Amino acid sequence: MVDDVLGDMQHSGIGEKLKALLNIAGKVQILGKEVLPEDIDAARKHGATDREIHDTVLIAATFCMFNRYVDGLASFTPTDPAIYKAMGERMKHGYSLPEPIKK
Amino acid sequence: MAHIDLQNDLPGIRGPMAFRPETAKPLNELAEILLHSENNSLTRGEREMIGAYVSSLNDCFFCQNVHGAMAQHYFECDMRFIDQIKRDYTTAPISDKLKALLSIAGSVQKGGKYVTREQIDYAKTIGASDREIHDTVLIAAAFSMFNRYVDGLDTWAPQDRQVYIDRAAMRAAEGYAGSNPHK
């Protein structure tokens, strides 16, 4: 399901509102000015509130920061999907980090 | 008018910050640590300049003028000097270390993977510490967020650049943490 959305969200099985919000997020990723009034109107038409649109823009913007922080420092990136599954389980409970392993 | 009803007529990032104070708080705290905290071997002027430069690359009028005015305040220079750095920092009369850090910031603006080993090595050879490189990357990344937040909601920005200069001393004195968007 997640890979479907990442592959081609327009043809994935998600709701129209989420599609409209992902469209806005995709524009934010390119640059803020790419978001057009028609993108906002489409989201509203599918029931998105101003607060939901605000949070979509800020989440997308925040990930433009996180992504650059992670890759800009060339941080260690595990390639084993099982490791991310475990991280997903942990983050279900919130984003406070576990104690780092002392070297 | 902004894309959404922000329920205020504040300019730039102050509009959505007043609209959603819960998210404004950590954003201002991050700005405080990155740009205003004294616990940093980069000067406040250098850190603000990195933010202004990234904002100019992202074509964010509000952010590049707010933080360009902050850098101008700390550098005690004129607006032309800041504009010269934004236009072509390589020929501006700034330190080689700041040039190396602006080069890294410019790569981060495009995307994290644009930062090369050579850029980092060069910054280190002319005296940049790991902490300074870390902060440069995070400031550039944070402005890639702030700029998109401001323009992605189509907030308005005063066009008179003197407005930004006039507010810089107050912001420098008060810092960012807990700043009131209505002031």
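Let's start with Q7(B), which is exposed, with 10 other C-beta atoms within 10 Å. For burial, a residue is called buried if 20 or more other C-beta atoms lie within 10 Å of its own, exposed if 12 or fewer, and partly exposed in between, with C-beta atoms placed from the backbone. Q7(B) sits in the segment before α1 (14-19) of chain B. Its phi is positive, about 60 degrees, although Q7(B) is not a glycine. As background, most residues other than glycine have a negative phi.

A word on what you're looking at: this is a predicted model, where local features need pLDDT of at least 70, side-chain atom pairs count only at pLDDT 80 or more, and totals for chains, interfaces and linings use all residues. Residues are numbered from 1 along each chain as its sequence is written, while chains are lettered from A and ligands numbered from 1 in the order in which they are written.

Back to chain B, where D154(B) also has a positive phi, about 55 degrees, and is not a glycine. You'll find D154(B) in the loop between α8 (130-152) and α9 (162-174) of chain B. Is D154(B) buried, exposed or partly exposed? With 18 other C-beta atoms within 10 Å, D154(B) is partly exposed.

Of the 183 residues in chain B, 45% are buried.

Which helix shall we zoom in on? Let's take α3 (residues 44-57) of chain B, with 14 residues and a reach of 20 Å from its first C-alpha to its last, close to the 20 Å expected at 1.5 Å a residue. The expected span is 1.5 Å times one less than the number of residues. Because 11 of the 14 residues of α3(B) are buried, this helix is largely enclosed by the rest of the structure. Among those buried residues are M49(B), I50(B) and Y53(B). The cover over them includes α2 (21-36), α4 (61-75), α5 (79-88), α6 (96-110) and α8 of chain B. Just after α3(B), D59(B) takes a positive phi of about 60 degrees.

On to chain A, which has five helices and zero strands. Its radius of gyration is 16 Å, well over the 13 Å that the globule rule gives for 103 residues, so chain A is more spread out than a compact globule. Buried residues account for 23% of the 103 residues in chain A.

Finally, how do the chains meet? 24 residues of chain A are in contact with 31 residues of chain B, where contact means that C-beta atoms, placed from the backbone, lie within 7 Å. On the side of chain A that touches chain B, α3 (37-45) and α4 (50-72) of chain A each supply at least two residues. α4(A) gives the most, with 16 residues. That side divides into 15 nonpolar, five polar and four charged residues. Ala, Val, Leu, Ile, Met, Phe, Trp, Tyr, Cys and Pro count as nonpolar, Asp, Glu, Lys and Arg as charged, and the others, Gly among them, as polar.

Definitions and conventions
Helix = DSSP H or I, 4+ residues; strand = E, 2+ residues; numbered from the N terminus. Rg over C-alpha atoms; globule rule 2.2 N^0.38 Å. Contact = placed C-beta atoms within 7 Å.
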